[in-house]
Amino acid sequence: MDGLSPRPGEDARTLAAGPGRVVGRAVTRIEDLPLVRGEGLFAADVNFPRQLHMRVVRAEIAHGRIVSVDAEAARAMPGVVAVWTAADVADIPLIPFRATKVRGLEPYCQPVLARDRVRYVGEPVAVVLADDAYRAEDAAETVMVELEELPVVLDAAAPPGEFAPGHDTEPTVVRKEYGDIDAAFRSAHAVVELELSVGRHSGVPLETRGAIARYDAAHDVLELHGTAKKQHWNRDEIARLLGRPPQGVHLFEGHVGGGFGVRGELYPEDLLVCAAALRLRRPIKWIEDRREHLVATNHSRQQSHRIRAAVDAEGRLLGIDDVFFHDQGAYVRTHGARVADLAAGMLPGPYRLPAYRVAGHFRLTNKTPAATYRAPGRYETTFVRERLMDAIAARLEIDPVEIRRRNLVATAEMPHARPLDALGTDVVLDSGDYEGLLDKALARFGWDAMHKELAARRAAGECVGAGLAFFVEKSGLGPSDGVRVTVDATGAVEVVSGAASVGQGVETALAQICAEALGVDYSSIRVVRGRTDRIEFGNGAHASRVTVMSGSATWQASLAVREMALECAAQLLQLSPAELTISEGVVTRADGLAGPSLTLAEIARGRGPNSPAMRGQTPGLTAERWFWSDHMAYPYGVHLAQIRIDAGTGGVTVERYLVANDIGRAINPMLVEGQIVGGLAQGLGGALLEEFRYDPSGQPLSTTLADYLIPTIAEMPEVDVLIAEDAPSPLNPLGVKGAGEGGTNGAGACIASAVDDALRRPGAITSLPLLPAHLRALLVEAP
Amino acid sequence: MKAAPFAYHDPRSVEEALHLLATLENARLLAGGQSLMPMLNMRVAFPDHLIDLNRVEGLAGVTAEGGALRIGAMTRQRDIEESPLVRAHLPLMSEALTHVGHRQTRNRGTIGGSLCNLDPSAELVAVATALDAVLEVQGPSGARDLSIHELPLGFMTPSLAPEEMLTAIRIPLPPAGHGAAFEEFARRHGDYAITSAAAVLVLEGGRIARASLTLGGVGAGPLRLRSAEAALAGQAPSEALLREAAAACGSIDAMSDPQAPAWYRRRLAATLARRALTAAASRATTPARQGGLA
Amino acid sequence: MTEALDVTLTVNGERHAVRVEARRTLADALREDCGLTGTHLGCEHGVCGACTVLLDGEPVRACLLFAVQAQGRAIRTVEGLAEGGELSPLQRAFIENHALQCGYCTPGFLMLGTALLERDPTMSDEALVDALSSNICRCTGYANIAKAVRAAAAEMRERVPA
């Protein structure tokens, strides 16, 4: 028994249904104590002796040829150690993207410093390295960048322009198709066609990015601190791009002030601090400021769709044909064409769809590059698909709830395979009771009674309405994740995971799973994540994968340790393992009868490397397990909203909101609810407030938090959350599906539906975010 | 996002501050800092000298003087909001202050800073305009009074000479029993309004003896709607009358941006003016007020 | 003209003699010169409230004050909330009500909430929402933050009968 090799049948053990001792319970988080005491370690809190501060000089126009960069004055400023331009980092290749099926994107990747052209306002052109952050900024101000302006492309739906000689601004078109789409339209009772768009917005975490690199010459290791999300992939790429073996590069994750998809990707600044630390032999610290963040960190969401649906006389979908334009911004970043691909793969959502064709034009524009943001490709396509369902309902004069019922995939049809792929895996809806959840949600929200009340309020002159949106999420992206669980000689338990935390409660969730399996107190478990020096491989925290993948690996590794402990104890106590159990870290008789007991600490000591009993065996009370998955788990749910429009101002107040979300199994309902409500705040932001706007020359207009409007507590409605566990995932031993993105997914669609209802104008809302001036105009036109 | 270097000056008296202002090149006064500090941190303001007024004696406080309230330029917005004198005599200002940023920023922000920053949407500028405030200005050649109506020269440009500073504002007290209301619309709570409206109505014998109607956020400075005020004077405050007066906002010149085009600002102005007038009328109390407004 | 100034900051009752340029914000001085990194920077232009500290008992944004301006004033930061290792009622309520996720905005909200509760633990829900709207949280959707402040308020009301 060596803790490394699974035994036959080991992975078959699944978590029993219903709340366990710790799993399924709303326990408090193990992360919180340092965070409420001001003892966290966020990127800006990391400091090393002799560190230099890096300040980035950024492009001030949206598209231009670089004529010259004059850094002489900056180099002469007090405290300045170096100023680099593209020529100084010409040996660093373009920043790559993670493999997807889409090919041919390489020429469109971003250099760490602009080479001969700048392509968006905010693009790094030079860096200043100085002994103080204030002085670095003083010097950066004096770097003169001479540019010759080039024409800008700002509309992704306009004809493509030139990216570089020989390359236009459409690197690829994502196409997917199944069924006989032309026949579907030929035989249609009605064809409903819409033009819809979603605005450019993004994660905008409260902590800006930061990167602190240090070269430890004594050990010949390059360290990068302030990292998040994808440490192992980033380590491998940093090593490759800087010509080092991966073993000589380590990434460390401290506290992470929100990720939401944008943090933890490999950005130019990460490579610049690493290169500078290696060359200057001094620690290099870079902390992004907020204005930089709003032009430098990934944007997201901007798409416009021209969608057509063919339906029969009962409103059943026969086919959907969609053409969309994905505004990628100036460069292909680490996700490649993933968001466009996800949009294309996930658009059909919860509905039975016999034929489907989509063409996603992946277009570059002279704006900040874009990538994933919480529910990427789904927030957009749920808006598009649910607008379409509302339009079909209106056209055929069928109730919007009824039209959805008729099209929802039935429980008996699960698992439901679509001849489509998303994130490189085939789309197989693993489990679900869609209509059952819809019914529960409508009942909980008091849908029918509410409509009577709204009618009365309308009669009294108020402009009120309600709407809904159904969504399907995806989670648990594989292919693998490993976890090592170790009990040390004092009985302390450590879980080392290749996952990362972006502040969502990963440590608590993994600790609960470990505690449940092993029989220890969850609150004293140490969870290590986001560190390449503690585990060789990992796939990080994204795509709502951690609880599914790392959670399953934690479950299996913890069970293996449990088994190991029971077997050791059984020998010493002269009982069979089946007669023993573990509780609070002590092995006792399972039948509750009095008898000898052993602590996990005693067992761990007995398995020490110097214990005679361990000769010839791998020592330690420890096990490492890997969990593999070829398919994703698909959570689903419904958003319901009741809203009021102030007819005088066009302002929207969300009065009441319900998110019903089936996530298979809630490891910690309190954390799940937190994810959903927090995700909703972001979804509502994108529906009502948040937008990166540009002027006609490509100058960004949302460069402060006074212009990029994040919801405050005053904008948040009363939110009810219905967590359902009707459809555990058959794909993992815990039955879990991800809970991170459902709160965001349907918000734009739901608000649009409710606003249409309040306006009494089906189909009035065709774009997000909703501007009060636009609503006021619609009210003026109202009959 | 760190401020560029500047020399810091910390005068203790108005005289000292004025002397610094008159002798230093490219100097700026620092009041509560809630608008200037962001501009410094973002390096859109580059003063060589910063003259901090926070330790200058005698610039803060609210006092009743004759028929007016005198508010020192460095009085914190939060202190004005909580001042019993202001609550009793200038309910319009108390109400508007709850819309000025957030309680937290009002702990630092001052009335003088807000007036001199002259943001087109600033609530306090609109209120001072609605109440015909008089600004006490001191300069090298002594003190002068400046009507609030003469303060805006252009976009965020007050008509103060570079060596002058605002030391206090005086607001003549509207008669007891007047009705006042402030309305605004912002996309997010606590933000600068897209448009705002301030109304003051004085009733006598069931008729409007005096009306004041001011819009914020429609142009570089607040807009007093004198013709609407004249149309209200002498009339009984019926719903129709107030609606008609507010409708005058539909023909004003309003500034425009992609999120709030001029037509929208005009409609907003009309809506907010109607609401402010209606609320003001319902709050006005005179012995002659019979039945009032619904 | 960038000469350093000697400033004494009194933070959580402790005096810190620091030498800073006039342009150094209070937030940077607390973090970099006093080593109190619990005060976070979220925007440095006064919108997000992550850097909220108490100045003579009132919540203010530490990015909108220069360190030199805080000379002689009593400053309180998140590091001073727990007394002798015991969490304040509001800190405990944040944990018990899951009022934090990433924890970046938490120190600012804790200081804001502490000031509100010390001033008036009986404040209405409407007043509470109005006051809390000055700070941004990007993770929680705020519901649990409001819940935590209410829970701590209830505890404080019980402790000190009105």
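Predicted model: local features only at pLDDT ≥ 70, side-chain atom pairs only at ≥ 80, totals over all residues.

User: Are α2(C) and α3(C) parallel, perpendicular or oblique?
Analyst: Helix α2 of chain C covers residues 89-96 and helix α3 of chain C covers residues 106-119; they pack at about 130 degrees, with axes 10 Å apart. Perpendicular stops at 115 degrees and antiparallel starts over 145. That angle therefore makes α2(C) against α3(C) oblique.

User: How many charged residues are in the contact of α2(C) with α3(C)?
Analyst: From α2(C) you've got Leu90(C), Gln91(C) and Phe94(C), while α3(C) brings Thr106(C), Leu110(C), Gly113(C), Thr114(C) and Leu117(C). Sorted by class, that's four nonpolar and four polar, and the number of charged residues is none.

User: Which helix gives the largest share of the side of chain B that touches chain A?
Analyst: Chain B puts 17 residues in contact with 20 residues of chain A. On the chain B side, those split into eight nonpolar, four polar and five charged. The largest share is four residues, and they come from helix α11 (residues 262-283) of chain B.

User: On the side of domain 2 of chain A that touches domain 3 of chain A, how many residues are nonpolar?
Analyst: Domain 2 of chain A is made of 303-476 + 631-781, and domain 3 is 477-628. Their C-alpha centres lie 39 Å apart, and the contact takes 19 residues from domain 2 of chain A and 17 from domain 3 of chain A. On the domain 2 side, seven are polar, three are charged and the nonpolar count is nine.

Methods. Residues numbered from 1 in each chain as written. Chains lettered and ligands numbered in written order. Axes fitted to C-alpha atoms, helices over the stretch in contact; angles between N-to-C directions. Helix = DSSP H or I, 4+ residues; strand = E, 2+ residues; numbered from the N terminus. Parallel < 35°, antiparallel > 145°, perpendicular 65-115°, else oblique. Contact = placed C-beta atoms within 7 Å. Nonpolar A, V, L, I, M, F, W, Y, C, P; charged D, E, K, R; others polar. Domains from an automatic or database assignment.
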